[in-house]
Amino acid sequence: MDGNQTPHATSDDPKVPLLPIHRSQSLNSCFQSIFTLKNFFILLGPLLCGIISLSVNIDGGKDASRNMLAVLAWVFSWWLTEAVPMPVTSMSPLFLFPLFGISDADDVAHAYMDDVIALVIGSFILALAVEHYNIHRRLALNITILFCGDPLSPPLLLLGICATTAFVSMWMHNVAAAVMMMPVATGILQRLPTGPTQSNLVSKFCKAVVLGVIYSAAIGGMSTLTGTGVNLILVGMWKSYFPEADPISFSTWFFFGFPLAVVIFIALWCILCCLYIRKGSGEALSAYLDKAHLKRELELLGPMAFAEKMVLAVFSILIVLWMTRNITDDIPGWGALFNGRAGDGTASVMMATLLFIIPNKKQPGEKLMDWNKCKKLPWNIVLLLGAGFAIADGVRTSGLADVLSEALDFLEKVPYLAIAPAVCLISGTITEFTSNNATTTLVIPLLIQIAQTMHVHPLLLIVPGAIGAQFAFLLPTGTPSNIVGFTTGHIEINDMIITGVPLKIAGTVALSVLMPTLGALVFGTDKPLLKFSRISL
């Protein structure tokens with residue numbers, strides 16, 4: 001060994017650092033790995049919780065209310081900053097509520113599995129089956145061919161693509177619908193010229209199609225309970241806060257959500273046509289798009305196999321069961337046969353179970369679905385829903401609801417027509433920077449207290465608040481569906497803002513008008529608040 005070589009040297013390479021330098025780099029990297037913005041956000045949750053627990057005094061010595069407020073600060077700070085993965089944050093009430101004396105462990109865990117959660121799991125299994133057998137693509141091509149027109153009509157073709165996306169999004173999650181439909185839409189756009197040869201008319205049509213898909217996915221999801229987690233959070237919290245009130249069933253929501261979605265969808269189509277469809281677009285596109293190539297794509301899929309027909313049949317039966325469980329007060333649905341014990345989740349899980357029993361006739365012994373195909377189940381949505389329901393229970397049982405109600409007395413004389421659009425716009429602004437589901441979980445408990453203070457039916461505020469949380473139309477980060485469209489390269493942030501602003505305004509106006517009118521018929525919001533006084537918070 002060379003006398004100048006240290007015992008730690010393992011190579012003659014002069015680039016190998018000496019030990020002191022290596023130690024210095026390790027120390028710096030250690031500090032850099034510890035003092036990061038993400039670690040600060042992780043500490044922010046417990047820090048806010050501790051500050052509120054030690055410094056906030058609530059009249060009457062309501063320790064449970066103060067602790068609930070502290071836990072909310074912890075959970076919402078982690079949700080908003082995403083310091084910890086959202087599904088993990090969603091499980092935090094399972095240990096925070098018992099530790100802070102808010103609820104028993106069993107009571108908290110119960111919130112993570114109820115009929116609404118069962119509805120989600122069953123419907124997602126069916127959606128995975130639809131995706132696995134490519135049924136959505138066949139449906140998209142058929143409807144697009146129907147709307148293509150002869151000669152080619154760009155507004156009509158845009159309507160077909162958007163309507164297909166909205167329809168698909170009615171029965172599965174918005175993000176899944178956008179992910180499924182975007183390849184169909186871009187597959188049509190791939191036939192158009194790109195680069196320097198692309199005319200302005202063609203470029204604008206491409207923007208319209210991509211924007212139409214991402215916004216239609218959001219709008220379609222508003223019309224049914226299973227279309228988005230936001231609607232499920234609203235229904236679950238309504239059931240938690242007002243257990244003696246009539247629950248919001250699938251059919252009840254559909255009778256309000258579908259007309260609202262149609263109005264907003266028409267506004268979207270008109271906005272896209274005005275901004276992006278120019279005179280001469282039909283001639284520019286007709287050389288590249290016609291029914292022939294769409295029909296060829298459909299032919300490549302071949303005839304519908306037995307498995308596809310059975311999945312479609314099971315899904316259709318489920319929709320019928322959802323729509324007929326409760327029909328009217330005078331005409332009871334099939335739920336009356338079971339004395340009201342069966343819920344929408346009952347039908348959802350029952351029909352999903354059939355997929356694991358019915359053979360697919362492709363391989364001997366193989367069923368339509370197996371558990372390996374269910375690995376893509378969005379457990380993050382399930383856990384977030386459970387956290388929302390747990391928080392709703394905690395706010396109510398801890399007494400924090402009463403404290404919030406007293407603090408909002410100044411809103412008692414504010415007219416509803418002034419506050420409803422404000423609620424929708426505030427919720428729609430928050431959702432641009434955080435997830436739709438987290439925004440809904442954050443605003444609904446507060447809106448229920450505001451409604452109690454104003455002496456109006458709670459649904460008159462929480463429905464605009466929840467649906468407003470789905471108006472994430474301005475930024476790519478507003479929702480994963482927006483990112484799906486943004487990554488295609490056809491649109492920029494300016495395009496989203498130019499289209500999203502009028503669309504958000506149109507949605508707010510439609511919601512503010514329909515809620516006190518159609519909502520009164522569907523939800524019974526015109527009934528006296530006295531009905532709710534005995535189950536008030």
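This is a predicted model: local features need pLDDT of at least 70, side-chain atom pairs count only at pLDDT 80 or more; totals for chains, interfaces and linings use all residues.
Trainee: What makes the pairing of Arg66 and Asp63 a salt bridge?

Mentor: The side chains of Arg66 and Asp63 meet with an N to O distance of 3.5 Å, and a salt bridge asks for a side-chain nitrogen of Lys or Arg within 4 Å of a carboxyl oxygen of Asp or Glu, so the pair qualifies. Both residues lie in helix H3, three residues apart, which is about one turn of the helix.

Trainee: How do you know that the end-to-end span of H3 agrees with its number of residues?

Mentor: Helix H3 covers residues 63-81, and at 1.5 Å a residue its 19 residues should span 27 Å; the C-alpha atoms at its ends are 27 Å apart, so the two values agree. After H3 comes Glu82, whose phi is positive, near 55°.

Trainee: Why is H3 described as largely enclosed by the rest of the structure?

Mentor: Of the 19 residues of H3, 14 are buried, and therefore the helix is described as largely enclosed.

Trainee: What makes Glu308 and Arg138 a salt bridge, and which parts of the chain does the pair link?

Mentor: The closest N and O atoms of Glu308 and Arg138 are 3.2 Å apart, which lies within the 4 Å limit, so the pair counts as a salt bridge. Glu308 sits in helix H16 (residues 306-324) and Arg138 in helix H8 (residues 135-148), so that distant parts of the chain, 170 residues apart, are linked.

Trainee: Why are Glu308 and Arg138 counted as buried?

Mentor: Glu308 has a relative accessibility of 10%, and Arg138 likewise has 10%; because buried means under 20%, Glu308 counts as buried, and so does Arg138.

Trainee: How do you know that Trp253 is buried, and which polar contact does its side chain make?

Mentor: Trp253, placed in helix H13 (residues 250-276), has a relative accessible area of 0%, and is therefore buried, the limit being under 20%. A polar atom of the Trp253 side chain lies 2.8 Å from the backbone oxygen of Met222, and with 3.5 Å as the limit this pair is a polar contact. Leaving aside neighbours within four places in sequence, the residues in contact with Trp253 include Leu225, Ile467 and Phe523.

Conventions: Residues are numbered from 1 along each chain as its sequence is written. Side-chain values use heavy atoms; hydrogens and water are left out. Helices (H or I, at least four residues) and strands (E, at least two) are DSSP runs, numbered from the N terminus. The expected span of a helix is 1.5 Å times one less than its number of residues. Buried means under 20% relative accessible area, exposed over 50%, partly exposed in between (1.4 Å probe, protein chains only). Contact means heavy atoms within 4.5 Å. A polar contact is a pair of N or O atoms within 3.5 Å; within protein, one must be able to donate a hydrogen and the other to accept it, and residues adjacent in sequence count only if both atoms are side-chain atoms.
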